[in-house]
Amino acid sequence: SFEKFRLDLYSDQYDAKYRSSPRELMRATYRMAQNYAQSFPADGQSLVFSGATGLGKTFLSACIARTVADRGYSVVYDTAMQLFAAFEEDKFRPQPDAARTEDVFACDLLIIDDLGTEMTTQFTVSVLYQLLNTRLMEKKPVILSTNLTPGELASRYSPQIASRILGTYRLCQFCGDDIRFKIK
């Protein structure tokens, strides 16, 4: 839940790269995530959480998922690897059960965690394009979390995918040191 998010795990030391401290940047990201969940579906805005490993991207996207679902909206939350595996099963299984992949298109909010950890193939790029484009055209929001930088997203996926993500999603940059080590 949002109440368990700990800003004290982020440094309050100024970082010239971000023109702020990690704590201040994460405070703004935290507030934006809370507002997003409370005002969902507001304007159908999609988000991309970008940053290194262990900075809270998965945690905050799960907080949004819980709040949005508790408010009565349908949410599909999956890792990129599991999501693409489900599409692959449906595509190549003799008698597919397409219910899971149909939910990905139909749900009110789709959250794809760890984008960039999957094996990138023509198939996964095709599925990702179909998902993002369909949901964009239907004004259904998506939240992506990734360790990839915007530049890496553009080089890893097609220009069409990069354009949709970088041109229409709100970029939420996560920074700081891996908080998993601080919790331990």
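**Stop 1: Arg-135 and its helix**

Select Arg-135, whose place is in helix H5, residues 122-137; helices (H or I, at least four residues) and strands (E, at least two) are DSSP runs, numbered from the N terminus. The model is a predicted one, in which local features need pLDDT of at least 70 and side-chain atom pairs count only at pLDDT 80 or more, while totals for chains, interfaces and linings use all residues. Residues are numbered from 1 along each chain as its sequence is written, and side-chain values use heavy atoms, with hydrogens and water left out.

Arg-135 is buried but has no salt bridge, and the nearest side chain of opposite charge, that of Glu-138, is 6.2 Å away. Buried means under 20% relative accessible area, exposed over 50%, and partly exposed in between (1.4 Å probe, protein chains only). A salt bridge is a side-chain nitrogen of Lys or Arg within 4 Å of a carboxyl oxygen of Asp or Glu; for charge, Lys and Arg count as positive and Asp and Glu as negative, with His and the chain ends not counted.

Next select Lys-139, in the loop between H5 and strand S4 (142-146). Lys-139 has a positive phi of about 55° although it is not a glycine, and it is exposed, with a relative accessible area of 68%.

**Stop 2: the nonpolar cores**

Select Phe-49 and Ile-64, which touch the most other members of the largest nonpolar core, a set of 26 residues. Such a core consists of buried Ala, Val, Leu, Ile, Met, Phe, Trp, Tyr and Cys residues joined through side-chain atoms within 4.5 Å. Helix H1 (22-39), strand S1 (47-50), helix H2 (57-70) and strand S3 (109-115) each supply at least two residues of this core, and H1 gives the largest share, six residues. Leaving aside neighbours within four places in sequence, the contacts of Ile-64 include Phe-2, Tyr-36, Leu-47, Phe-49 and Ile-143. Apart from this core lies another, of 25 residues, among them Leu-128, Leu-132, Val-142 and Tyr-169.

**Stop 3: backbone exceptions**

Most residues other than glycine have a negative phi, and most peptide bonds are trans. Select Phe-40 and Pro-41, which are joined by a cis peptide bond with omega of about 5°; Pro-41 lies in the loop between H1 and S1. Then move to Asp-114 in strand S3, where phi is near 60°, a positive value in a residue other than glycine.

**Stop 4: salt bridges**

How many salt bridges does the rule give? The count comes to five. Select Asp-12 and Arg-23, whose side chains meet in a salt bridge (3.8 Å, N to O). Asp-12 lies in the segment before H1 and Arg-23 in helix H1, so the pair ties together parts that are 11 residues apart in sequence.

Continue to Asp-70 and Arg-66, where the closest N and O atoms of the salt bridge are 3.9 Å apart. Both residues lie in helix H2, four residues apart, about one turn of the helix, and Asp-70 and Arg-66 are both exposed. Finish at Asp-8, which forms a salt bridge with Arg-6, the closest N and O atoms being 2.8 Å apart.

Terms used
Contact means heavy atoms within 4.5 Å.
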